[in-house]
Every structure is written in C-alpha cells, then in structure tokens.
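User: I have a model open on my screen and would like to learn how to read it. Could you walk me through it, one feature at a time?

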Amino acid sequence: MNLFSKLFRSRDKPKNHLGGLSFLFGQTAAGKAVNERTAMQTTAVYACVRILAESIAGLPLHVYIYKGQGKERVPEHPLYFLLHDAPNPEMTSFIFRETMMSHLLLWGNAYAQILRDGRGRVLGLYPLLPDKMEVSRDSRTGELYYTYTRSTEENPNFADKGQIRLRPEDVLHIPGLGFDGLVGYSPIAMAKNAIGIALATEEYGAAFFKNGARPGGVLEHPGVLKDPSKLRESWHAVYGGTMNTGRIAVLEEGVKYQQIAIP
C-alpha cells in the first residue's frame with residue numbers, strides 16, 4: 001500500500017446499523033415478532049404507507065430541460081414515456097411509484113433495475129425487493145456494487161436464481177434516512193417496539209371479545225372430575241364468544257361458577 005492509498009482511502013462499506021447494534025427484526029418487548037410484513041397488519045402502519053405511497057404516485061411527473069434562467073418540459077425525451085406512462089410493460093407509472101414509495105417507507109430503501117440497450121439508453125425500470133438487496137463496496141477498486149438474491153420469479157430479467165451482482169449504473173437506488181448517505185435505515189425496525197405493542201394490543205383485544213368480552217372464571221365441582229378438560233370445552237362452546245354474551249347458564253351436579261372480576 002503506497003502513501004497515496006493510505007491518505008485517500010475509499011469510504012467503508014455501507015452498513016445498516018447504528019453504534020454497532022444492527023436493527024434486527026424479531027421479538028419485541030411486547031413479545032410480538034415485527035418485520036415489514038407483520039407491521040402492515042397494524043392499521044396505523046398500513047394507513048400511513050398507503051396514503052403516502054398513493055399521494056406520491058399521484059403527483060405529476062414530467063421531464064424538464066434547463067434553459068438560461070428557466071426550464072421547460074421535454075415530452076419528446078426518451079425517459080418521458082418511462083417515467084410518465086409506463087416504466088415497463090407490466091406496470092403503469094402510478095403503480096411503479098407507489099411500489100417504490102412503499103418499499104422506501106417500510107425498508108428505508110427503494111431499488112429498481114435499469115435495463116439498457118447496447119448504446120446505454122434506458123429501456124425499462126423494474127422494482128427490486130429491498131430485503132433481497134445488499135449494498136457492498138469493492139475492496140480493490142472502492143466502487144459500490146449491488147448483490148441481489150433471487151429465489152422466486154419476481155423479476156423476469158434474471159435468468160438464473162441465486163446471487164446476481166449489479167453495477168451502480170444498473171440500479172436506481174433511493175435511500176431513506178441514514179447516517180452514511182448510502183443506505184437508509186428501516187423505519188419499521190427503528191419503531192419495532194411501538195409496533196409490537198400495537199400488534200399485542202390488537203391481539204389481546206381480539207381474544208378478549210372472542211371470549212365474550214368478559215374475564216374468565218372458575219367452575220367449582222363438589223366431587224372429583226375424571227375429565228376436567230371436557231367440562232371446560234363444553235362450557236366455552238356454549239358461552240364463549242361475543243355472540244353468546246348474556247346467555248343464561250344452566251349448572252348441574254352442584255357445579256358453581258365463580259367469575260373473576262376486572263379490577
């Protein structure tokens with residue numbers, strides 16, 4: 001390593017972490033597993049992502065050229081049709097921007113593959129799943145490159161499955177909030193405990209109403225039961241659930257029901 005390489009080293013590999021702690025998904029303090037897909041089951045997360053994605057996708061999109069002190073539209077530009085109408089034969093501009101924005105809101109990064117012809121002209125844009133993309137830096141040249149892991153048929157442009165290395169000029173990368181300016185942090189991972197609480201609260205409320213919107217109780221029998229589970233299941237089948245709330249119970253063989261009250 002010569003003197004100049006020591007003085008002018010390239011930046012480190014982009015990393016999606018802060019302070020040495022990775023923003024890994026999994027169990028939260030509330031006991032619920034949170035990732036980008038489970039987070040969408042939360043009403044607030046789904047509503048926010050949908051509203052923001054649809055709002056951005058519905059904005060006017062034009063290609064401009066700067067002339068002197070002003071600018072003017074260039075509808076005859078080759079990129080105008082791709083950006084304004086259809087970036088690829090499978091989706092409209094609205095769907096493409098909505099998908100990219102949803103990826104950005106959930107994963108903190110949005111990726112799209114850029115297809116070019118032999119002259120380097122852009123022919124199409126295809127979204128890539130952020131959870132299958134890794135941004136790395138070449139240790140020899142110091143240039144960024146993208147590694148995409150393809151395991152399904154989500155992209156028709158990749159002939160083989162496995163890891164595909166893409167050059168920076170072949171990837172449209174829109175990073176979200178991050179501290180290196182290269183890779184964005186996942187908003188869902190940053191707020192996973194709050195989302196976990198919301199998921200646990202909804203599950204608790206659903207179970208509460210499923211069991212008749214009332215706390216459990218104790219069935220007391222004067223004798224010895226051979227099969228307690230059978231009595232418990234038959235009781236729940238008749239009196240459990242919101243539709244059975246308020247039904248009159250008929251107790252036999254000296255059975256007594258003792259309700260556990262809510263404090």
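**Reading the model, feature by feature**

Analyst: Let's start with helix α5: 11 of its 15 residues are buried, so α5 is largely enclosed by the rest of the structure. Buried here means under 20% relative accessible area, exposed means over 50%, and partly exposed lies in between, with a 1.4 Å probe and protein chains only. Please keep in mind that this is a predicted model, in which local features need pLDDT of at least 70 and side-chain atom pairs count only at pLDDT 80 or more, while totals for chains, interfaces and linings use all residues. Residues are numbered from 1 along each chain as its sequence is written, and side-chain values use heavy atoms, with hydrogens and water left out.

User: How do I check the length of α5, and what follows the helix?

Analyst: The expected span of a helix is 1.5 Å times one less than its number of residues. For α5, residues 93-107, that gives 21 Å, and the end C-alpha atoms are 21 Å apart, which agrees. Next comes G108, which has a positive phi, near 85°.

User: How many helices and strands does the protein have?

Analyst: Both are DSSP runs numbered from the N terminus: helices are H or I with at least four residues, strands are E with at least two. The protein has 8 helices and 14 strands. Of its 263 residues, 30% count as buried.

User: Could we try contacts on one residue, say T147: where is it, and what is it in contact with?

Analyst: T147 sits in strand β10 and is buried, at 13% relative accessible area. Setting aside neighbours within four places in sequence, T147 is in contact with K132, M133, E134, Q163 and I164.

User: How many salt bridges are there?

Analyst: A salt bridge is a side-chain nitrogen of Lys or Arg within 4 Å of a carboxyl oxygen of Asp or Glu. That rule gives 8 salt bridges. One of them joins the side chains of D170 and R116, at 4.0 Å from N to O. D170 lies in the loop between β11 (162-166) and β12 (171-175) and R116 in strand β7 (residues 109-116), so the pair ties together parts 54 residues apart in sequence. D170 is buried at 14% relative accessible area, whereas R116 is partly exposed at 37%.

User: What other residues belong to a network with that pair?

Analyst: E169 and R167 meet in a salt bridge too, at 3.5 Å from N to O, and E169 is partly exposed at 39% relative accessibility. Salt bridges with shared partners join R116, R167, E169 and D170 into one network.

User: What does R165 do with its side chain?

Analyst: R165 forms a salt bridge with D138, at 3.1 Å from N to O. The pair links distant parts of the chain, 27 residues apart: R165 is in strand β11, and D138 is in the loop between β9 (133-137) and β10 (144-150). R165 is exposed at 52% relative accessibility, while D138 is buried at 16%.

For rings, a charge sits over one if NZ of Lys or CZ of Arg is within 6 Å of the ring centre and within 35 degrees of the ring normal. R165 lies over the face of Y145, at 3.6 Å from the ring centre. K71 lies over the face of Y64, at 4.6 Å from the ring centre.

User: How many aromatic pairs are there?

Analyst: Rings of Phe, Tyr and Trp (its six-membered ring) pair if their centres lie within 6.5 Å; planes under 30 degrees apart count as stacked, over 60 as edge-to-face and the rest as tilted. The count is 2 aromatic pairs. Y111 and Y146 form an edge-to-face pair, 6.1 Å centre to centre with 75° between the planes. Y111 lies in strand β7 and Y146 in strand β10, so the pair ties together parts 35 residues apart in sequence. Both Y111 and Y146 are buried.

Note on methods. Contact means heavy atoms within 4.5 Å.
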